[in-house]
Amino acid sequence: MSVIRSAIAGVGAYLPETIVTNDDLAAIVETSDAWIQERTGIKERRRAAPDQPTSDLAVEAAKRALLAAGKEPADIDLIVVATTTPDMTFPATAAIVQRKLGAPICPAFDVQAVCSGFVYALSVADGFVARGLSRCAVVIGAEEMTRLMDWSDRSTCVLFGDGAGAVVLTPEEGQGTTADRGLLGFALRCDGNKTDLLYVDGGPATTGTVGHLRMAGNQVFRHAVINIAEAVEGACKAAGLQVSEVDWFIPHQANQRIIKGVGDRLGIDESKVVLTVDRHANTSAASIPLALDAAIADGRVKRGDLLLLEAMGGGLTWGACAIRY
């Protein structure tokens, strides 16, 4: 049976120029390079310039993804931006990206699921592409998490960084099997009863301020390993796959210990795990496309490979996606 799937035609990424090392942070808060690396695996992160909004990062990543896909801004017919650090309360950052890219009039909107945002955004775009409503969808994860940091809180300020990654999705005809290129299966979850474990203590309808990120780290860790593993198994079941068939596991780059815990629980060999948390830290919705781009650039991920993406963020939200690249 012939089916239309949403296939990744191109991937792109962008990181701000400024590198902030663990030693840099040790100069402003009580911490050390050894302390940070031991607990998180992070060595450095990027920080956007003061006059560089999230949309600028998103546009650069989108341009590179379009180039990789052999597409032009004029071809775009859908823009979905996953972000928790929008340029403004409104309009959507996607609308600003549309203007800056010079893309034609088309649907353009943001998805807010924090660190799970890119997986959620892929599922939304898949609903357009696989149903014939879009032929060139740009899905972007873009974040400036350093804007949300309380720089006196060493438990959170060392964890996050800025960056953006993007993919171009186009329709591809397949036979309805796991050998098809494209998005094969999703599992998306949210438990709003756990909002107090990871949140920002501000907002336009409460404090009238942006606020700072707050996290109950130990509790988030426990929920992450169990819940992410369940979602991964759910995505594989939806796709008709076994976890053992996966070529590359590309997780949200939150913490090296969480990634290892999930991998161990699923029985995924460390040689199949893509890690960029040491260089990028936690870039929230941008972390998966940044890691995917890095693995394509260095030759690990090749056309036809089976990829497994996963993430967990504030909400608590979490989810996973199986993709034949």
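Where does Ser284 lie? Ser284 sits in the loop between α9 (277-280) and α10 (287-297). Helices here are DSSP runs of H or I with at least four residues, strands are runs of E with at least two, and both are numbered from the N terminus. The model is predicted, so local features need pLDDT of at least 70 and side-chain atom pairs count only at pLDDT 80 or more, while totals for chains, interfaces and linings use all residues. Residues are numbered from 1 along each chain as its sequence is written, and side-chain values use heavy atoms, with hydrogens and water left out.

Start with the backbone. Most residues other than glycine have a negative phi, and most peptide bonds are trans. Ser284 is not a glycine, yet its phi is positive, about 55°. Val114 also has a positive phi of about 55° and is not a glycine. Val114 belongs to the loop between β5 and α5.

Two peptide bonds are worth a look. Phe90 and Pro91 are joined by a cis peptide bond, with omega about 5°. Pro91 is in the loop between β4 (78-82) and α4. Gly315 and Leu316 are also joined by a cis peptide bond, and here omega is about -20°. Leu316 falls in the loop between β12 and β13 (317-324).

Now the helix pairs. Two packed helices are described by the angle between their axes and the distance between the axes. Axes are lines fitted to C-alpha atoms, for helices over the stretch in contact, and angles run from 0 to 180 degrees between N-to-C directions.

Take α3 (residues 54-69) and α4 (residues 93-101). Their axes come within 9 Å and cross at roughly 55°. The two helices are therefore oblique to each other. Angles under 35 degrees count as roughly parallel, over 145 as roughly antiparallel, 65 to 115 as roughly perpendicular and the rest as oblique. From α3, the contact (heavy atoms within 4.5 Å) uses Ser55, Asp56, Ala58, Val59, Ala62 and Lys63. From α4 come Thr93, Ile96, Val97, Lys100 and Leu101. By class, six of these residues are nonpolar, two polar and three charged. Ala, Val, Leu, Ile, Met, Phe, Trp, Tyr, Cys and Pro count as nonpolar, Asp, Glu, Lys and Arg as charged, and the others, Gly among them, as polar.

Move on to α7 (residues 217-239) and α8 (residues 256-266). Their axes come within 9 Å and cross at roughly 45°. α7 and α8 are therefore oblique to each other. Their crossing is right-handed. On the α7 side, the contact includes Phe221, Ala224, Val225 and Ile226. On the α8 side, Arg257, Ile258 and Gly261 are among the partners. The contact of α7 with α8 has ten nonpolar, one polar and three charged residues.

Helix α5 (residues 117-129) holds Ser123. Ser123 touches Phe186 and Leu188, not counting residues up to four places away in sequence. Ile323 is 200 residues from Ser123 along the chain, yet their C-alpha atoms are separated by 11 Å.

Finish with the pockets. On a 1 Å grid over the protein atoms alone, a pocket is an open set of points where a 1.4 Å probe fits, with protein on both sides within 12 Å along at least five of seven lines; a cavity is a set from which the probe cannot get out, and lining residues have an atom within 4 Å of a point. Grid points are joined across faces, edges and corners, and a volume is the space filled by probe spheres set on the points.

The largest pocket holds about 840 Å³. It is lined by 35 residues, and Thr84, Thr85, Pro86, Gln112 and Leu148 are the closest to its centre. β9 gives the most to this lining, three residues. By class, the lining has 17 nonpolar, 14 polar and four charged residues.

The second largest pocket has a volume of about 550 Å³. Of its 27 lining residues, Leu159, Met215, Gly217, Asn255 and Ile258 are the closest to its centre. Helix α7 supplies the largest share of this lining, six residues. The lining divides into 15 nonpolar, nine polar and three charged residues.

Terms used. Left-handed = near helix turned anticlockwise from the far one by under 90°.
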